[in-house]
Amino acid sequence: MKAVVKQRIGDGFVELTDVPEPEVEPGTVILAMGAAGICGSDLQILHGRFHGYVVPCVMGHEFAGTIERVGPGVSNLSPGDRVVSETHAYTCGECFYCRSGVYNLCPKRKAFGYGTNGAFTRFVRVRKEIIHKLPEGITVRDAALLEPTSVALNALTRNSRIAPGESVLIIGPGPIGLLCLQVATLSGGRVTMVGTERSRQRLALAVRLGAERVLTDTELYDGIADGSLKGSFDVVVIAAGNASVFETALMAVRVAGKVVHLGETAENASFPLSLIERKNLTVQGSFSHNWPVWENAISLVKDGAIDVHSLISHEYEISRWREAFEMVESRAGVKVLMKP
Ligand SMILES: [Zn+2]
Ligand SMILES: [Zn+2]
């Protein structure tokens with residue numbers, strides 16, 4: 001079967017190539033990919049800037065589809081079931097985090113798409129423990145966005161929380177930022193979304209999805225410089241893939257406020273560490289998600305409380321992966337999906 005494969009470590013080395021179909025094993029299913037999202041981290045893998053990827057590896061970790069085959073020991077799933085898979089292809093089951101149910105933090109975790117073969121192809125082998133059945137009312141296409149939805153939910157309802165009425169600044173109007181916006185709004189937060197001048201379209205979408213105010217990054221920097229936006233947000237959420245915004249976040253948050261960081265970046269940041277202490281700040285990281293978060297995501301998307309559909313801007317067959325990746329890189333769209 002054709003697959004988008006990262007062949008070697010370094011910048012580039014991604015090819016559409018033939019790989020053997022995965023064989024079903026006990027406790028696993030073969031999932032026929034129906035839709036798979038391209039993530040910012042896929043671009044980092046393409047350019048060799050991502051930490052800890054293995055090669056050769058079929059890329060793609062945000063995916064949904066239908067069950068093709070079930071292995072021995074799988075009783076609750078059948079061929080034809082519409083399902084979505086978590087990203088945690090392997091976790092050890094023995095460590096403190098696995099035993100605490102936060103297996104997303106397992107140090108031996110292997111993710112689809114960069115730790116083991118992922119979804120930019122026809123068939124993926126998935127262990128039964130991380131499969132969620134899709135209820136009526138969620139298409140497979142929309143279900144490809146349940147992964148980033150779970151990222152946003154884990155950040156803003158588990159690792160951190162937003163109280164009704166709190167002012168929330170979200171930096172980065174990409175898919176994660178737009179999903180954080182919706183989670184923050186559901187929690188009663190009043191959201192200001194920040195993006196660059198060239199993300200005007202995404203900022204317009206942010207308004208449709210509930211942002212009270214949008215700002216360009218220049219407007220934010222100016223507002224911090226003249227004092228009008230300095231220290232004025234209860235919570236600042238960083239959903240941008242560059243490290244330089246961290247200092248901006250520390251300036252924009254109020255004294256004793258919270259900064260939540262979930263932008264995947266390989267860069268190092270340089271910022272005045274003393275701000276964290278002098279402003280009495282809470283800085284919270286958030287990584288990935290686990291079973292209950294996914295179940296919440298499914299129920300919120302099913303009921304229309306979170307709109308993932310409006311985020312899907314482009315779809316490409318995997319044979320056109322290069323165009324699809326370029327579209328993500330250009331930021332002309334929002335979420336770009338691959339289909340088999
Ligand atoms: Zn992702
Ligand atoms: Zn573990």
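A word on conventions: residues are numbered from 1 along each chain as its sequence is written, while chains are lettered from A and ligands numbered from 1 in the order in which they are written. Because this is a predicted model, local features need pLDDT of at least 70 and side-chain atom pairs count only at pLDDT 80 or more, whereas totals for chains, interfaces and linings use all residues.

Let me start with the whole chain. Its secondary structure comes to 11 helices and 18 strands, taken as DSSP runs numbered from the N terminus, with helices being H or I of at least four residues and strands E of at least two. The radius of gyration is 20 Å, close to the 20 Å that the globule rule gives for 340 residues, so the chain is as compact as a globular protein of that length; that radius is taken over C-alpha atoms, and the rule is 2.2 Å times the number of residues to the power 0.38. Of the 340 residues, 46% count as buried, that is, with 20 or more other C-beta atoms within 10 Å of their own, the C-beta atoms being placed from the backbone.

Turning to the sheet, six strands form an open arrangement in the order β13-β12-β11-β14-β15-β16, with parallel pairing, where two strands pair if DSSP finds at least two bridges between them. β13 (213-216) and β16 (282-285) stand at the edges, each with a single partner strand, so one side of each is left without a neighbour in the sheet. Four bridges join β12 (residues 190-195) to β13, and T192 stands opposite R213 in β13. Helix α7 (residues 217-225) packs on the sheet, touching β12 and β13, with contact meaning C-beta atoms, placed from the backbone, within 7 Å. The direction of α7 makes about 90° with that of β13, the axes being lines fitted to C-alpha atoms, for helices over the stretch in contact, and angles running from 0 to 180 degrees between N-to-C directions. Helix α8 (residues 245-252) also packs on the sheet, touching β11 (167-171), β14 (233-238) and β15 (253-261), and its direction makes about 170° with that of β14.

Finally, which residues of α10 are buried? They are V293, W294, A297, I298 and V301. These residues cover an arc of only 140° around the axis, which puts them on the same side of α10, the arc being that of the directions from the helix axis to the C-beta atoms. What covers them includes β10 (131-133), α3 (140-143) and α4 (146-159). Just after α10, G304 takes a positive phi of about 80°.

Technical notes: A residue is buried if 20 or more other C-beta atoms lie within 10 Å of its own, exposed if 12 or fewer, and partly exposed in between; C-beta atoms are placed from the backbone. Two residues are in contact if their C-beta atoms, placed from the backbone, lie within 7 Å.
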